[in-house]
Structures are given as C-alpha cells and as structure tokens.
Amino acid sequence: MTVRAVDVLEARAIRDGARRAIPWDALDASALDAKKREAVGRTWADRYRQEHLAVGAFSLLAQELAEIGCDPIVLSLVTRAAADEVRHAEVCRRVAVALLGEDAVPARYRGLPKVPKHEDATAETRTLLHVVEMCCLSETVTGVYFTEMLARTTNAASRAALESLLEDEIDHGRVGWAYVAERRRDGTLDGLAEALPALVTRAVGRSIDDATRSLDVADPSMEAFGYLGNTVGSAVLRRALNDVIVPGFASLDLDVAPLRALIAERGWA
Amino acid sequence: MANDRMFQVIVVGGIGLASATAMSLAVTACGGDTLTQGTSGDASGDGFPAELGAPAPDGGSSHDAAAEADAFPQEGPIMVDAGIDSARDAAAEADAFPQEGPVMLDGGNG
C-alpha cells in the first residue's frame with residue numbers, strides 16, 4: 001500500500017468545502033409538484049438536524065482524542081470537522097427552506113447526540129470505538145452516498161451544495177481510517193474486531209433495513225435536487241459496506257469474519 | 001465513482017494521511033523499530049490553558065464579568081421567545097452517532 005505523509009501544517013489547504021460558492025438563486029424547485037417537493041425537502045430538513053448533531057459528535061471526539069493523544073493530523077481534522085458541520089447544517093437548512101418554506105424549518109437546533117457510552121471500556125477503547133462508528137462507518141457511508149447522489153443531481157444550486165458537503169465528508173471519513181491505522185501501528189486495536197458487528201448494525205445496518213422495508217422507484221425529477229430514494233439508497237449502503245468498509249478493516253488486518261457472517265445473515269450483502 | 005475508487009480515496013487516502021503511520025511503514029520497510037514512533041507526552045493540567053505562556057493577571061481595575069454569567073456568553077442575538085426563531089431540540093430522537101447522508105423516508109417517494 002502506498003502512503004504519503006501529510007504534515008499537519010499543510011492539512012488546512014487540502015480540502016475545504018467552504019471555498020465553494022453556492023448559487024442559491026438557482027434553487028428553484030417549482031417544477032416539482034408539492035408532494036415531491038415535500039419529500040425532497042424533508043430529507044434535507046432531517047439532514048440539517050443530523051449535521052447539527054454531528055457538531056456535538058466531533059466535539060466529543062476532539063475532546064476524547066486530545067485527552068489520550070493522537071497524531072496531530074487526526075486531531076487537526078477532527079477539530080476542523082466540528083466547524084465544518086456547523087456550516088453543513090446551515091447549507092442543509094437553506095436547501096430545506098427553499099423546498100419547504102421558511103416556516104417549516106427550524107432557524108436553529110440545540111442538543112447533542114446520545115452516543116454509546118461503552119461504560120465498561122477504557123478511555124482508549126471508548127475513543128477508538130467512537131472514532132470508528134462516527135468516521136469509518138457513518139462518515140464513510142455518507143461520502144459514498146453523497147457521491148452517488150451527486151451523480152444524479154442536476155440542479156446547479158443543489159449540486160454546489162452537495163459538492164460543498166461532500167468535499168468535507170471525504171476528510172471526515174479519512175480521519176477515521178487514519179486513526180485506526182495509527183492504533184494498529186501502536187498495537188492498540190484490542191476490542192475493535194469484536195465490537196464491529198454491533199457498530200455496523202447501528203451505523204449502517206439499520207439504515208439498510210429501513211430502506212429495504214420501503215422500496216420505491218427512482219424519480220429523476222426528485223434526484224435533480226439532491227435526493228436518493230430508498231431502492232437506490234439501499235443499494236448504495238450495501239456497496240459502501242461491502243466494497244469499502246469491510247475491505248478497509250481487512251486491509252488493516254482486523255478479523256472481519258464475524259462481520260461478514262453478520263452481513264450474510266442479515267441480507268446486507 | 002466506482003466503489004474501488006471510493007475505497008482508494010477514503011480508506012487508502014485516510015491511512016496515508018497520518019504522518020506517523022507513513023513514517024512507521026517507512027521505518028518498517030527499512031527494517032527499523034516502529035515501537036519508538038508516535039508516543040504521546042502528557043499535557044494534562046489544572047485549569048484552562050494560558051496559551052500566551054504567562055499567567056493571567058489578577059486584581060486591577062477590571063470588572064468581573066463572570067459573576068453574572070451562568071452559561072457561555074451570547075454575543076449575537078438574544079433569544080427571548082419560542083417559535084421558529086428559537087432553537088429546536090435536536091437531541092430527543094437521537095440514540096447513536098448522527099447519519100448525515102442517508103435519510104430514509106418511511107413511504108419512499110410516495
């Protein structure tokens with residue numbers, strides 16, 4: 001495997017979705033009927049809430065990582081991610097407002113995600129499990145999902161909004177893999193392989209099950225504004241799990257046999 | 001983007017980001033000892049850090065703002081009422097790390 005060292009002082013210049021201008025005036029969804037506009041808008045409104053929760057999640061990771069110590073590039077990206085998510089929340093809010101109207105979307109959110117506490121774990125193991133669940137699973141899946149969504153998005157403003165999010169999400173996933181590689185180097189991955197089935201079930205499996213329960217027909221008119229239906233979404237999640245996440249852990253010499261067995265048993269392949 | 005490309009971009013790209021990791025693999029390739037790489041010093045301490053490197057001044061003529069504050073300062077708009085302009089609680093339904101990408105609607109697009 002070829003690797004290239006990235007100095008922490010260079011990291012900020014690598015990516016920054018905030019550099020992208022979004023032509024908000026182009027976000028005219030009047031071509032969609034009310035029902036479809038409502039459906040697309042609801043996904044952006046819910047994504048707005050999730051982006052807000054991600055601010056708290058990355059802040060938690062930053063505190064945990066700072067406490068136990070990690071590579072500076074990991075700490076740099078995780079702390080930056082918290083600020084990225086503030087901007088992402090506002091981007092998603094504005095898309096939701098354009099589709100649903102100002103009155104239908106909260107002006108702001110408060111609150112934190114209720115993340116697994118792993119109370120019996122050491123601080124080192126808890127931090128590892130949190131980084132894996134947030135970055136290697138949720139953010140990696142998000143990167144794959146947004147990539148597929150972008151390929152189907154034709155509205156200029158929606159594309160720019162999505163590109164702005166996606167550019168950062170790639171780094172939010174990468175930092176998880178960077179941290180797991182660091183822990184592998186240090187020989188401190190104990191407990192991760194055993195925990196993977198539960199983490200994957202929570203972070204990816206439930207979404208696959210939710211999507212599979214309500215399959216639909218892809219609608220290009222909705223996809224134009226940044227939308228993936230459940231049938232396409234389910235397929236994207238399965239590919240992300242089987243073609244990116246599982247091979248990722250396998251490449252770091254983790255025993256993924258229990259995870260593969262779970263995937264086969266639950267029909268997530 | 002093909003899935004193998006996503007694997008390369010996110011997973012391999014992520015592993016390559018960690019400078020210490022790259023250093024470790026390079027050392028390993030040269031037959032060196034990787035165990036000395038990447039150890040962390042303990043920076044723990046009481047109180048918030050003084051990044052200027054000097055202790056904060058005490059006394060003097062400054063008014064103490066802390067006595068009247070019971071939360072982080074609100075530098076911008078002061079929220080005085082409920083409604084759409086006030087903050088909604090995002091936490092009530094959360095039971096895991098947030099999912100920013102996939103949002104699955106119950107009824108599909110119908």
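With 10 C-beta neighbours inside 10 Å, D253(A) counts as exposed. Here a residue is buried if 20 or more other C-beta atoms lie within 10 Å of its own, exposed if 12 or fewer, and partly exposed in between, with C-beta atoms placed from the backbone. D253(A) sits in the loop between α8 (230–251) and α9 of chain A. Its phi is positive, about 65°, although D253(A) is not a glycine.

This is a predicted model: local features need pLDDT of at least 70, side-chain atom pairs count only at pLDDT 80 or more, and totals for chains, interfaces and linings use all residues. Residues are numbered from 1 along each chain as its sequence is written, while chains are lettered from A and ligands numbered from 1 in the order in which they are written.

H118(A) also has a positive phi, about 45°, and is not a glycine. H118(A) is found in the loop between β1 (108–110) and α4 (123–152) of chain A. This residue is partly exposed, with 17 other C-beta atoms within 10 Å.

**The two chains**

Chain A holds nine helices and one strand. Helices (H or I, at least four residues) and strands (E, at least two) are DSSP runs, numbered from the N terminus. The order in chain A, from the N terminus on, is α-α-α-β-α-α-α-α-α-α. Chain B has two helices and one strand. Along the sequence, chain B reads α-α-β.

Buried residues make up 50% of the 269 residues in chain A. In chain B, they make up 25% of the 110 residues.

The C-alpha trace of chain A spans about 55 × 45 × 35 Å along its principal axes. A compact globule with 269 residues would have a radius of gyration near 18 Å; chain A has 19 Å, which agrees. That radius is taken over C-alpha atoms, and the globule rule is 2.2 Å times the number of residues to the power 0.38.

Two residues are in contact if their C-beta atoms, placed from the backbone, lie within 7 Å.

Two packed helices are described by the angle between their axes and the distance between the axes. Axes are lines fitted to C-alpha atoms, for helices over the stretch in contact, and angles run from 0 to 180 degrees between N-to-C directions.

| Helix pair | Angle | Axis distance |
|---|---|---|
| α2(A) and α3(A) | roughly 165° | within 8 Å |
| α3(A) and α5(A) | about 155° | 10 Å |
| α6(A) and α9(A) | about 45° | 9 Å |

Angles under 35 degrees count as roughly parallel, over 145 as roughly antiparallel, 65 to 115 as roughly perpendicular and the rest as oblique.

Take α2 (residues 34–68) and α3 (residues 72–100) of chain A, whose axes cross at roughly 165°. That makes α2(A) roughly antiparallel to α3(A). Their crossing is left-handed. A crossing is left-handed if the near helix is turned anticlockwise from the far one by less than a right angle, and right-handed if clockwise.

α3(A) and α5(A) are roughly antiparallel to each other. The crossing of α3(A) and α5(A) is left-handed. Residues of α3(A) in this contact include I73(A), L77(A), D84(A) and H88(A), and those of α5(A) include S158(A), L165(A), D168(A) and H172(A). By class, the contact of α3(A) with α5(A) has twelve nonpolar, four polar and four charged residues. Ala, Val, Leu, Ile, Met, Phe, Trp, Tyr, Cys and Pro count as nonpolar, Asp, Glu, Lys and Arg as charged, and the others, Gly among them, as polar.

α6 (residues 192–213) and α9 (residues 257–266) of chain A pack at about 45°. They are therefore oblique to each other. The crossing of α6(A) and α9(A) is right-handed. L196(A), P197(A), V200(A) and G205(A) in α6(A) meet P258(A), L259(A), L262(A) and R266(A) in α9(A). The contact of α6(A) with α9(A) has six nonpolar, one polar and one charged residues.

**Two helix residues**

L166(A) lies in helix α5 (residues 156–186) of chain A. L166(A) is buried, with 20 other C-beta atoms within 10 Å. Leaving aside neighbours within four places in sequence, L166(A) contacts G143(A), F146(A), T147(A) and L150(A).

E194(A) lies in helix α6 of chain A. With 10 C-beta neighbours inside 10 Å, E194(A) counts as exposed.
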